[in-house]
Amino acid sequence: MEREMEIWASVSGYEGFYEVSDHGALRRIATPSGRPKCAIVAPHIKRNGYLDYWLWLKGKVRLVQAHRLVIETFIGPIPDGLCVNHKNGVKSDNRLDNLEVVTPSENIRHGYRVLGRKPPNNPSYGEKNGSAVLNSEKVRSIRSLYATGLTQYQVADAFGVSQRTINLVVRRLTWGHVE
């Protein structure tokens, strides 16, 4: 079986000193004084399984996540609010073809659907939450009263809660499990 060629590219801001490969490896190609010195840089393995690299230049050090370094080098900057997903779920597998830029919610859904992760067990929703002011019966009444044409403020006054609470209930952003 033929092994795929590894492609190396300069790390932005560290041109002439560091290169990263599309397989997720980092190498130093020159010392801070500019002398050639090609050496693979060992990653720092975090407790959560992700890999980081320390980049040194002109007396300054920067810690970068390996998966972000690969994406930013080969694809470009990661837009604000987006994150990098490991398609196969292996946090240390930083090959370019295993990485994709996604929204945080897409990243979480990927964990549930593709990797078989279980959602957190939260038994404290709805009436099970000790600080809940409403219950299933009140929620049904709120939705019914709002459907008759009362304003959210009028319904809120009737139940002693805020208009915002009523808004979340009628839009099913809270108490969505109650029909």
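A salt bridge is counted here when a side-chain nitrogen of Lys or Arg lies within 4 Å of a carboxyl oxygen of Asp or Glu. The structure above is a predicted model, in which local features need pLDDT of at least 70 and side-chain atom pairs count only at pLDDT 80 or more, while totals for chains, interfaces and linings use all residues. Residues are numbered from 1 along each chain as its sequence is written, and side-chain values use heavy atoms, with hydrogens and water left out.

Side chains of opposite charge can pair when their charged atoms come close. Under the rule for salt bridges, the count in this model is four. One of them joins the side chains of Arg-27 and Glu-19, with a distance of 2.6 Å from N to O. Glu-19 has a relative accessible area of 15%, and the word for such a residue is buried, because that term covers values under 20%, whereas exposed means over 50% and partly exposed lies in between (1.4 Å probe, protein chains only).

A second pair to look for is Asp-52 and Lys-46, whose closest N and O atoms are 3.9 Å apart in their salt bridge. Asp-52 is buried, its relative accessible area being 3%, whereas Lys-46 is partly exposed, at 26%.
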